[in-house]
Amino acid sequence: MTPDYFPAMKAGMKGRKNGKTEIAKYTIKDSIFTNLFQDKKYLIQLYRALHPEDTETTEDELKDITIKNILVDACYNDLGFTVGDKIMVLTEAQSTWTMNIIIRALMYLVQSYHEYFERRNDNLYGSKKVKIPKPELYVIFTGKRVSKPEYVSLSEEFFNGEDCAIDVKVKMIYDGKNNDIISQYVAFTKVYDEQVKLYGRTREAVTNTINICKDRDVLKEYLSSREKEVVDMMMTLFDEEQVMRAYVESEKKEAAEKAAEEAAKKAAVISAIEMCQEIGLPVSETIKKVAGKYKLEENDAETWVQKYWRRERDNQ
């Protein structure tokens, strides 16, 4: 990694917008979850796992509406699809528990409806009532947790169950049934976690995960047909995580160095003010000397002097 890597990286990653620091997404690669269900062969399996009662819907009736914005701070989700004009399904894969997923689900839903109405050229300001697909929100949680609620809701978690203008209800899924596509995906994540514990974030962990899953008939067809793609994708994700960790550490070090530099400057300025006072220089002359020595505006130097000038000496 070259010495000028991080300055160049920071230049590409950071910007200012509305007074806030933005961090651009370094590169965006599909997760295994998203990549898997981009294929309608597996997407229809997911839908049937969610709706086993529906045996008539075909792949052709499923439309991918996953939000694909990759701009800084843009809203994008793991998976979204419609079933004809009847149902809109938004599904997230999570390994870390957070109730903020409810807020994100609401944001994804609003954005997905916005794009849905745009595609249809619906006039939301007209008198004719528009058609809207029924929303279904799911989170497939693959982490460890003792309490496993079936649903989490906006009103319960954020407003103590009080009635509010809008509520969002997210169904939590922890595993599938009868080796369906959900249970296979969950099994894949568990094997992957086990291999990372043994070998770290290495190619060996990735290839072992794939081989073990194929042996256990877990996503076997998907992994066999796209093995190189999956390995490359997972290794890229590892690389991005490593880059981001290095970037964060670099930012921490830079902040610490800046704080140390500011503390040293503060101590020097205070020492200079005290020395000027010791030799009997007036305040006005001290301000000029501090401003000149430390390259400060006179207003700033005056603030320093007024703050650290020991008044008790004036009263003696």
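## Exercises on a predicted model

A search of the whole structure turns up one cavity of 30 Å³ or more. The model is a predicted one, where local features need pLDDT of at least 70, side-chain atom pairs count only at pLDDT 80 or more, and totals for chains, interfaces and linings use all residues. Residues are numbered from 1 along each chain as its sequence is written, and side-chain values use heavy atoms, with hydrogens and water left out.

### Exercise 1: the cavity

Find the volume of the largest cavity and describe its lining.

*Step 1.* Start with the method. Rolling a probe the size of a water molecule over the atoms shows where empty space is left. On a 1 Å grid over the protein atoms alone, a cavity is a set of points where a 1.4 Å probe fits but cannot get out; a pocket is an open set with protein on both sides within 12 Å along at least five of seven lines; lining residues have an atom within 4 Å of a point. Grid points are joined across faces, edges and corners, and a volume is the space filled by probe spheres set on the points.

*Step 2.* The volume of the largest cavity comes to about 60 Å³.

*Step 3.* Its lining consists of Leu90, Glu92, Ile101, Ala105, Tyr108, Leu137, Tyr138, Val139 and Val170. At least two lining residues come from each of S5, H4 and S6. Here helices (H or I, at least four residues) and strands (E, at least two) are DSSP runs, numbered from the N terminus.

*Step 4.* Sorted by class, the lining of the largest cavity has eight nonpolar residues, no polar ones and one charged. In this scheme Ala, Val, Leu, Ile, Met, Phe, Trp, Tyr, Cys and Pro count as nonpolar, Asp, Glu, Lys and Arg as charged, and the others, Gly among them, as polar.

### Exercise 2: the sheet and its helices

*Step 1.* Two strands pair if DSSP finds at least two bridges between them.

*Step 2.* Compare two pairs. S5 and S6 run parallel and are joined by eight bridges; threonine 91 has tyrosine 138 in S6 as its bridge partner. S7 and S8 run antiparallel, with three bridges between them; serine 153 is partnered by lysine 169 in S8.

*Step 3.* Axes are lines fitted to C-alpha atoms, for helices over the stretch in contact, and angles run from 0 to 180 degrees between N-to-C directions; contact means heavy atoms within 4.5 Å.

### Exercise 3: the second largest pocket

Which elements each supply at least two residues of the lining of the second largest pocket?

*Step 1.* This pocket holds about 310 Å³ of space. Of its 14 lining residues, Ala49, Leu50, Lys171, Asp175 and Lys177 are the closest to its centre.

*Step 2.* The elements asked for are helix H3 (40–50) and strand S8 (169–173).

*Step 3.* The class count for this lining is eight nonpolar, one polar and five charged residues.

### Exercise 4: single residues

Is threonine 142 buried or exposed, and where does it sit?

*Step 1.* Threonine 142 is found in the loop between S6 and S7.

*Step 2.* It counts as buried because its relative accessible area is 9%; buried means under 20%, exposed over 50% and partly exposed in between (1.4 Å probe, protein chains only).

*Step 3.* Beyond its neighbours within four places in sequence, threonine 142 contacts Gln94, Ser95, Tyr185, Val186, Thr189 and Lys190.

Next, describe the phi angle and exposure of asparagine 179.

*Step 1.* Most residues other than glycine have a negative phi, and most peptide bonds are trans.

*Step 2.* Asparagine 179 is not a glycine, yet has a positive phi of about 60 degrees.

*Step 3.* Asparagine 179 lies in the loop between S8 and helix H6 (181–199) and is partly exposed, with a relative accessible area of 43%.
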